[in-house]
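Me: I would like to learn how to read a few features of a protein model, taking each general idea before the particular case. Could we begin with burial and charged pairs, and go on to cavities and sheets?

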Amino acid sequence: MSLPRHSDPIVAIATAPGRGAVGIVRVSGKNIEGLLQALFSRPLKPREATYTPFLDHTGVAIDQGLALYFPAPHSFTGEDVLELQAHGGPVVLQLLLARCIEAAAEINPLTHAQRLKGLRVAQAGEFSERAFLNDKIDLAQAEAIADLIDASTEAAARSATRSMSGAFSQEIHALCDALIHLRMLVEATLDFPEEEIDFLRQADAQGQLSKLQKTLQNVLQRARQGALLREGIKVVIAGQPNAGKSSLLNALAGAELAIVTPIAGTTRDKVQQTIQIAGVPVHVIDTAGLRESDDEIEKIGIERAWAAIESADAVLFLHDLTRMNAIDYIADDAVITRALALKLPLSVPVIDIWNKADAVTTQTHENGVTLSAKTGAGLDALRSTLLDVAGWQSVPEGVFISRERHVQALHQVDDHLMEAAAHLADKAQSLDLLAEELRQAQSALNQITGEFTSDDLLGVIFSKFCIGK
């Protein structure tokens, strides 16, 4: 799986762009002792911070800071790693980066490894990629590093930390071990076909497979929760003009994000805000009021509203309780209802929201949520409903961060195990088919941790990382 570029020594600024108290330049490669000699006037003790000047090629100090050297294999990447911790100014860090590349080119190949002369700036995620390739972390842990950086809620950060420490990977390895044991039983019977029925029965292959399926369902349920923590849900607020869509967005966000006026058509474009409900990121989008319009700008806003609706995970269809006796208003609501049914798949829930409950006396509705965006009454019920439609269950301490590809892989495992169970239950069973389904199930599991993963997938995954990570 290793590519030629993986043998190149790499360097990058490992801290976020901009000014800061401390900035880090990180180098990783094989045999970087020559670079240490070129950069410093004294040797560095492994895994011990050394306060030292960072000099340019003329001996003039660029900065003073801490240098840390981690010899292979006891480093994050599994290679020799050097970290320079300096003051966090962009110019200073760029000068240190350039000095590392310059010093590597000056190394005498007769006394040090010539390969360091190819020191180059790292690609996005290349440090983490090397940690994966050198078996310091598996693929699920590598992805959790990026997810921890990108976490938008406390619950997501805690779950990412859990995955980064290996909790999710341990669950996958436990499933894989049980699957390998079951495969061993089935493969063994292929060598003794006259004893296959008794052998599998005595080994309780059916019971082992059933237990494996139950364990898988538990892992899959928590993986779905982890994917929800990472991705969140996209919720679009839709309805006629002046139904209170912008007011609802402001009430959910707890801030005046959208302009609210009594004038119909005030919202011309979508306004988005991410909030969190019980740790779950909820991306709420306020859209232009849905109606027939001759205003060219408003028509563009309405088109964008429908585009947002069609890509939503859930739609809040807002109704104005103060206009429920108006025949025209009711008719227009019916038109929107039919359009939603035509444009949205059945998997996308449409939640009826009966707004402006503070302005009417009759507030009873069998379906949906009755609330007042103005007073906040009913907002808790709406938040609870959103969690329900998202499939969230409040078990954050048992949840590990995961991605959609993990969930899809686990679904594949589930499908193969169901097929395997059908073959095992068939009296005229085909052990070859049973063995193949179990092999395919293990292959799908291995894709999660990267024990069987294409180079193309690795490129996609690590390209999403930060430079220097």
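Reply: Let us start with a cut-off, since the first cases rest on it: a residue is called buried when its relative accessible area is under 20%, exposed when that area is over 50%, and partly exposed in between. Please keep in mind throughout that this is a predicted model. Glutamate 83, at 13% relative accessibility, therefore counts as buried.

Me: Which side chain does glutamate 83 meet in a salt bridge, and is that partner buried or exposed?

Reply: The side chain of glutamate 83 meets that of arginine 26 in a salt bridge, with 3.0 Å from N to O. The pair links distant parts of the chain, for glutamate 83 belongs to strand S5 (residues 80–88) and arginine 26 to strand S2 (residues 20–29), 57 residues apart. Arginine 26 has a relative accessible area of 12%, so this residue is buried.

Me: How many salt bridges does the structure hold, and what does the one between aspartate 8 and arginine 120 tie together?

Reply: The structure holds 19 salt bridges. In the one you mention, the side chains of aspartate 8 and arginine 120 meet at 3.0 Å, again taken from N to O. Because aspartate 8 lies in the segment before strand S1 (10–13) while arginine 120 lies in strand S6 (residues 120–121), the pair ties together parts that are 112 residues apart in sequence.

Me: Where do glutamate 126 and arginine 130 lie?

Reply: Both lie in helix H3 (residues 126–133), where they are four residues apart, about one turn of the helix. Elsewhere, salt bridges that share partners join Glu143, Asp147, Arg230, Glu231, Arg403 and Arg405 into one network.

Me: How many cavities of 30 Å³ or more does a search of the whole structure find, and which residues line the largest cavity?

Reply: The general idea is that rolling a probe the size of a water molecule over the atoms shows where empty space is left. Here, the search of the whole structure finds one cavity of 30 Å³ or more, and the volume of the largest cavity is about 50 Å³. Its lining consists of Leu39, Phe40, Phe54, Leu55, Leu84, Leu96 and Arg99, which by class makes six nonpolar, no polar and one charged residues. Strand S3 (50–55) and helix H2 (90–106) each supply at least two residues of that lining.

Me: In what order do the six strands of the open sheet run, and which are the edge strands?

Reply: In general, strands of a sheet pair through backbone hydrogen bonds, either parallel or antiparallel. The six strands of this open sheet follow the order S8-S9-S7-S10-S11-S12, with mixed pairing. The edge strands are S8 and strand S12 (369–370), each of which pairs on one side only.

Me: In which sense does S9 pair with S8, and in which with S7?

Reply: Strand S8 (residues 271–277) and strand S9 (residues 280–286) pair in the antiparallel sense over seven bridges, with glutamine 273 standing opposite valine 284 in S9. Their hairpin has two residues between the strands, and alanine 278 takes a positive phi near 55 degrees there. Strand S7 (residues 233–239), by contrast, pairs with S9 in the parallel sense over five bridges, and the bridge partner of lysine 234 in S9 is histidine 283.

Conventions. Residues are numbered from 1 along each chain as its sequence is written. This is a predicted model: local features need pLDDT of at least 70, side-chain atom pairs count only at pLDDT 80 or more; totals for chains, interfaces and linings use all residues. Side-chain values use heavy atoms; hydrogens and water are left out. A salt bridge is a side-chain nitrogen of Lys or Arg within 4 Å of a carboxyl oxygen of Asp or Glu. Buried means under 20% relative accessible area, exposed over 50%, partly exposed in between (1.4 Å probe, protein chains only). On a 1 Å grid over the protein atoms alone, a cavity is a set of points where a 1.4 Å probe fits but cannot get out, and a pocket is an open set with protein on both sides within 12 Å along at least five of seven lines; lining residues have an atom within 4 Å of a point. Grid points are joined across faces, edges and corners, and a volume is the space filled by probe spheres set on the points. Ala, Val, Leu, Ile, Met, Phe, Trp, Tyr, Cys and Pro count as nonpolar, Asp, Glu, Lys and Arg as charged, and the others, Gly among them, as polar. Two strands pair if DSSP finds at least two bridges between them.
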